[in-house]
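Thanks for coming. Please have the viewer open.

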Amino acid sequence: MKLAYTIKGVLFQTEKSDDAVEINVATKQNRTTVILKAKKEIKIESIELTEPYAYNPNDLVFVNGYQSWTDTKEFTVKENLKNIYKVPKFLVNKFAFDKYGDAPFKKYRKGVLHGFDYSYIRGEKPVFIGSYNSRNAYLIINHELKKNQITLEADCKITLTQGDEFTVFDYAMVYGDLDKTIEAFFPKKMEDKNIFGYTSWYNHYQNITEDIILDNLKNIDPRFDLFQIDDGYEQFVGDWLKVDKVKFPNGLEGICKQILDKNVTAGIWLAPFVAEEKSDLYKEHPDWLYKDKEGNPIKCGSNWSGFYVLDIYNENAKAYIVECLTHYKEMGFRFFKLDFLYSVGMIEREDKTRAQITEDAYQLIVDTLTDCKVLGCGAIPSNSAGKFTYLRIGPDVSLIFDDVWFMRFFHRERISTKVTLQNTIYRSIFARSLFLNDPDVFLLRDNNISLSKEQKEALATINALFGNVLMTSDNPGDYDEERKEVLTKILHINQDAKNKKYSRNGDLINISYELDGKVINKVYDTQRGVFNE
């Protein structure tokens with residue numbers, strides 16, 4: 001074990017207890033806990049421990065990305081994580097490409113596959129690693145392939161005063177039957193039903209209007225559980241109480257009532273922790289924004305006009321967040337798609353870790369939206385567990401299979417149907433244990449889309465198999481008989497398929513499941529986005 005800490009700016013390193021800190025390690029069966037007790041005031045700079053592991057050329061390493069959109073899959077030992085800092089610096093800075101994931105606080109190294117809180121190796125010597133400590137400090141799991149070792153580090157740069165105790169590690173490391181271990185660590189305990197519905201985003205994006213929403217509402221499928229209005233109704237991101245009067249001259253109250261009259265749940269989208277530069281919130285309340293040491297607001301990305309994180313520990317900012325969420329709850333919305341939730345992890349405090357700050361922010365949502373369903377998006381999976389009913393588990397679906405070519409060089413959280421389908425499959429281990437999985441939308445329409453018929457079929461089928469949220473942005477009124485049959489088929493798969501299994505074979509994923517008493521086998525080509533015949 002290696003611990004680095006500072007006292008009044010002076011760096012110390014130790015592998016055991018010393019006169020400034022007591023290190024208590026306890027191991028019971030496969031679970032290890034490490035607790036630090038400060039004898040003096042110290043600031044933890046880093047702490048890690050290492051386990052030897054002889055990687056095999058055929059091993060598959062499950063790497064769980066930092067947030068919802070981060071690419072997550074079983075990697076081969078020859079694959080590398082995409083390092084945003086290899087992109088020209090001026091592009092990274094201009095578009096804040098490094099602010100969507102873990103790049104600001106986690107160094108990327110060649111020959112190292114790192115992920116968060118959960119990992120496994122599928123091969124000759126299978127092993128599973130899972131954290132019980134993610135509300136306290138994220139467990140960063142580094143597969144150091146060239147060194148043949150697994151290095152575990154805790155994300156916990158905080159100050160401990162004399163007498164403070166802090167759990168830096170609490171994790172299981174289990175060798176043996178991998179599938180049995182995963183099943184035991186992620187028991188399927190959530191009984192909420194799968195949901196099926198409409199969201200406006202992946203057809204109209206921000207170009208929604210009252211007429212568009214009402215036209216799609218008029219044509220909803222009678223089997224819909226949900227009708228959700230996405231981004232585009234607000235004046236600017238952050239100005240949630242100011243609806244765009246040009247696009248929605250009558251506001252949202254009447255639309256919400258008409259949704260409820262259809263006997264479906266009314267859903268609304270917000271990004272409660274951020275404000276874009278053009279917003280009144282950004283201009284009028286700069287003190288509500290979290291600022292770095294130089295006094296500059298923390299930018300979290302380049303969406304809209306560029307957006308910044310609110311300081312959830314500022315009482316006025318906190319009250320505003322609660323007011324906005326409560327406003328739409330009282331209007332009648334009961335399903336909240338809350339987006340860009342990773343942003344609060346940009347906040348840094350001496351007395352709280354990134355995990356603890358995120359925990360506080362997500363708990364604020366839960367405490368405010370009682371009796372509502374929350375779908376977290378762009379969120380940290382481990383903090384979302386036990387709080388949000390649903391969680392997006394991949395990046396946004398793209399209308400071109402792997403998005404436009406130049407975006408493929410950028411951040412790990414980029415829009416991509418290719419990437420999100422793999423996330424959908426590999427993060428299915430979390431489903432109904434940590435939360436219900438939202439794989440993002442399926443799309444069957446022909447207009448305003450460049451996916452082939454076969455790619456749309458694969459997207460719909462994989463979403464139905466491995467997701468608990470089945471959503472579309474199509475106007476069902478435009479469906480012909482063939483598409484109506486496909487819709488009925490995927491609903492049947494989503495509700496009734498059993499014994500779903502998958503395994504990676506190069507660029508192919510072998511999928512099997514039982515339906516209507518039959519075993520169905522499919523081979524999904526991850527590069528082409530289709531099922532092989």
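**Pockets and charge pairs**

The largest pocket holds about 1,200 Å³ of space. Keep in mind throughout that this is a predicted model.

Strand E5 gives the most, with five residues. By class, the lining of the largest pocket divides into 23 charged, 14 nonpolar and six polar residues.

Now the second largest pocket, with about 870 Å³ of space. It is lined by 24 residues, and the closest to its centre are Lys188, Ser428, Ile429, Lys500 and Lys501. At least two lining residues come from each of strand E9 (118-122), helix H2 (178-185), helix H11 (453-466), helix H12 (481-496) and strand E26 (498-505). The largest share is that of E26, at four residues. The classes here are 10 nonpolar, seven polar and seven charged.

In general, side chains of opposite charge can pair when their charged atoms come close.

Take Arg412 and Asp71, whose side chains meet in a salt bridge at 2.5 Å, N to O. Arg412 is in the loop between strand E23 (390-392) and helix H10 (417-426), while Asp71 is in the loop between strand E6 (60-63) and strand E7 (73-76), so this pair ties together parts 341 residues apart in sequence. Are these two residues buried or exposed? Both Arg412 and Asp71 are buried.

The next pair is Lys373 and Asp192, with a salt bridge at 2.8 Å, N to O. Lys373 belongs to strand E22 (residues 373-376) and Asp192 to the loop between H2 and strand E15 (195-199), so to speak distant parts of the chain, 181 residues apart. Lys373 counts as partly exposed because its relative accessibility is 34%. Asp192 is partly exposed as well, with a relative accessible area of 23%.

Arg483 sits in helix H12 and Asp446 in the loop between strand E24 (436-438) and H11, a separation of 37 residues. Arg483 has a relative accessible area of 15%, so this residue is buried. Asp446 has a relative accessible area of 54% and is therefore exposed.

As for the network, salt bridges link Arg392, Asp396, Asp438 and Asp440.

Last, the histidine. His204 is found in helix H3, which covers residues 201-204. Why does His204 count as buried? Its relative accessibility is 19%, and the cut-off for buried is under 20%. Leaving out residues up to four places away in sequence, His204 touches Tyr198, Ile212 and Asn216.

That is the end of my list.

Methods: Residues are numbered from 1 along each chain as its sequence is written. This is a predicted model: local features need pLDDT of at least 70, side-chain atom pairs count only at pLDDT 80 or more; totals for chains, interfaces and linings use all residues. Side-chain values use heavy atoms; hydrogens and water are left out. Buried means under 20% relative accessible area, exposed over 50%, partly exposed in between (1.4 Å probe, protein chains only). Contact means heavy atoms within 4.5 Å. On a 1 Å grid over the protein atoms alone, a cavity is a set of points where a 1.4 Å probe fits but cannot get out, and a pocket is an open set with protein on both sides within 12 Å along at least five of seven lines; lining residues have an atom within 4 Å of a point. Grid points are joined across faces, edges and corners, and a volume is the space filled by probe spheres set on the points. Ala, Val, Leu, Ile, Met, Phe, Trp, Tyr, Cys and Pro count as nonpolar, Asp, Glu, Lys and Arg as charged, and the others, Gly among them, as polar. A salt bridge is a side-chain nitrogen of Lys or Arg within 4 Å of a carboxyl oxygen of Asp or Glu.
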